[in-house]
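This report covers backbone geometry. Please look over the chain first.

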Amino acid sequence: MFSNIIHSGFDLSLMMFLPLVGIVCLFVLRPNQRQWAWFIATLFAGATFAKSLVLLLAFDPTAKGMQFAEKISWIPAFGINYSLGIDGISIWLVVLTTFLTLVVVFASQTVTEKLRAYLTCLLLLETGMLGALLAMDGILFYIFWELMLVPMYFLIGIWGGKRRVYAALKFVLFTASGSLLMLVAIVYLANMCAQQLGQVSFAINDWVSLEFSHREELLLFSAFLFAFAIKVPIFPLHTWLPDAHVEAPTGGSVILAGVLLKFGIYGLMRFGVPIFPEAVIVFSPVLAWLGVVGIIFGALMAWVQTDMKKLVAYSSVSHLGFCVLGFAAMNKQGFEGAILQMINHGISTAALFLVVGVLYERKHTRLIADYGGLAAKMPAFATVFLIFTLSSIGLPLTNGFIGEFLLLYAGFSYNSVLGTFAVSGVILGAMYMLSLYRRVVFGPFDLKRNGDIADLSTNERLVFAPLIVLVFLLGLYPKPFLERIAVSSAQALYYLEQQPALELYRSGEIAFLSDSSYPAANEDTLLP
């Protein structure tokens, strides 16, 4: 019976749509039934997380390709299918999504206004994120990609800070502008399927077999890259991120940092590498340098911040720069490190936003100068804050160390100059995070301003407890995590290694955006 539940044939759909069932249940309640709303949302978020764990346990780390695949013809006239699948690139991101959603829903008891609507947005956002991670059809992916924007827009715009409308609009305008170019590329790819395969198709697997001219591949990849670069966010397309983080409620910041920012790297690995391997090789030097610039720029900007939330937001730009560098390195350590570091960042940075949220709920200020000496009044908080500070700077035995080590190794293997610059980001990261901790937790305690501040409540300890377990589990025993990434990572590398351009690039014989080293492009198939 248990086996039938695991392999019902629609495991991924069941997990993906469970949050929507929870939304339906929420609408049955009256607006003043806050506790029931919180209980129902927690129940469905917990069930979704449990289902993702069942899939994780049943996931075969040695199998190639997609597992638990589902495919139903949806709009056959246009070659659109309801097609889902999961592999080593997405499995941990799926579990991270369901886990952080449960954490945020559980921690939402402190939301005072429109709790039912707030929970509805979180559950809808969860379905959107899971759908984008599982979709194996271009149109289906685009629908879920856009679906993610709507609830996040409302989370920032309704429950955010004083400049919430500005931040929400900026977030949507940035991400939507990238999405439109991606849609054009998606439609173009489907049309190419009609020309080369005899039928219109939005299936990612069909796109992998298409043949492009050099210029055509560069243009199509550029359209996807623009959308994904905004999402990471890669410098200089990061400007929406600090505003969105600062104005978003704590739950919105946790999901934004913990999951949404990962879709850029995920998209590059899911779409870029298998469909446009040659273009990935050509663009990799630019991506590597932008990644390193993001590492240093994000760290320096975090160093000068006076607002704790803005500091953590800029630290995300720095940390995700390592993932961009790892992706651009195009080697085993880079790919595995990028995926693992996305998980690590999702745990550490999400936890740091929760830490800042604890202080903001008590004193309604995020300014570093308004705190100090909290270790005496909040010992449990100081301990939790220290653990996540150390995990964020990649201290050995914490989760951040393994991923950062792999990415630095990949960076040095790719280019020793870039690797050296990336190390400076590690040093800067330790400086601004330890400085933040010192100024908030140690030093003189302002009795007049913070004399009534309380330590962590039981609910808050329950929220932080699983995150702490993950910090040390990943730091002490990363093998199970890396095992589930390895096969899919190797498959992605295989696409690149089949390209003659990779050897040409490594030997320095080709230049960026040059047609001279490639076969002449077919003018009939170029983009207008």
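## Basis

Helices (H or I, at least four residues) and strands (E, at least two) are DSSP runs, numbered from the N terminus. This is a predicted model: local features need pLDDT of at least 70, side-chain atom pairs count only at pLDDT 80 or more, and totals for chains, interfaces and linings use all residues. Residues are numbered from 1 along each chain as its sequence is written, and side-chain values use heavy atoms, with hydrogens and water left out.

## Cis prolines

Most residues other than glycine have a negative phi, and most peptide bonds are trans. Pro-236 lies in the loop between α9 and α10. A cis peptide bond links Phe-235 to Pro-236, with omega about 5°.

Pro-233 also sits in the loop between α9 (214-231) and α10 (240-247). Val-232 and Pro-233 are joined by a cis peptide bond, with omega about 0°.

## Helix α7

Helix α7 spans residues 164-197, 34 residues in total. From first C-alpha to last, α7 reaches 48 Å, close to the 50 Å expected. The expected span is 1.5 Å times one less than the number of residues.

Phe-68 is not a glycine, yet its phi is positive, about 55°. Phe-68 belongs to strand β1 (residues 67-75). Its relative accessibility is 15%, so Phe-68 counts as buried (under 20% relative accessible area, 1.4 Å probe, protein chains only; exposed is over 50%, partly exposed in between).

Lys-114 is not a glycine either, and has a positive phi of about 50°. Lys-114 is found in the loop between α4 (91-106) and α5 (115-134). Lys-114 counts as exposed because its relative accessibility is 54%.
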